[in-house]
Amino acid sequence: MKIAAAIEKMTDFYKGNIHDIYHFLKVWAFAKNIGEAEGLDPKTQETLEMAAVVHDIACPLCREKYGNTSGKHQEEESAPLVAEFFKDVPAGELDVERITWLVTHHHTYTNVEGMDYQILLEADFLVNAGESEYSKQAIENFCKKVFRTEAGTHLLKSMFLEKE
């Protein structure tokens, strides 16, 4: 499955929820940019981008089931949804196991292993910080504790911390 097809399928999945559609598109764009700037190999880049497209796949279910989209609930509910999303993908074409793992951990900021994981966390935070209007202090703290890539850190500082 190519990225464009996944984006189209995810857009359909959200059934006109513009916030969710715009959110995943922004996360994907940041993930793509940071991954390319950091020089990821093509396979890792593709895995990262696919994970970014589907990272919030559990949000509609969580809203219905729990009345919120807390990160814990998203991580708990994502795996079967990701499996269903990619069920028609031939084995070996995508690393669906890694994509699923990334999605089921994208709100866990400890023991970060792998550039794809690091970049997904950074891309999602960049979008969430803007959408939720995080305080400068919260952004600075997250930058110090979580951000590790040069490209992601540059974007975060440029967007939120180097304002007049």
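User: Which helices each supply at least two residues of the lining of the largest pocket?
Analyst: Helix H2 (18-37), helix H4 (59-66) and helix H7 (115-131) each do so, helices here being DSSP runs of H or I with at least four residues, numbered from the N terminus. This is a predicted model, in which local features need pLDDT of at least 70 and side-chain atom pairs count only at pLDDT 80 or more, while totals for chains, interfaces and linings use all residues. Residues are numbered from 1 along each chain as its sequence is written, and side-chain values use heavy atoms, with hydrogens and water left out.

User: And which helix gives the most to that lining?
Analyst: H7 does, with 5 residues.

User: What volume does the largest pocket have, and which residues are closest to its centre?
Analyst: The volume is about 300 Å³, and of the 19 lining residues the closest to the centre are His23, Asp56, Thr69, Gln74 and Asn128. A pocket is an open set of points on a 1 Å grid over the protein atoms alone, where a 1.4 Å probe fits, with protein on both sides within 12 Å along at least five of seven lines, and lining residues have an atom within 4 Å of a point. The volume is the space filled by probe spheres set on the points, which are joined across faces, edges and corners.

User: What is the lining like by class?
Analyst: The lining has 6 nonpolar, 8 polar and 5 charged residues, where Ala, Val, Leu, Ile, Met, Phe, Trp, Tyr, Cys and Pro count as nonpolar, Asp, Glu, Lys and Arg as charged, and the others, Gly among them, as polar.

User: Switching topic, how many helices and strands are there in the chain?
Analyst: The secondary structure of the protein chain comes to 9 helices and 0 strands.

User: What box do the C-alpha atoms fill?
Analyst: Taken along the principal axes, the C-alpha atoms of the protein chain fill a box of roughly 50 × 40 × 30 Å.
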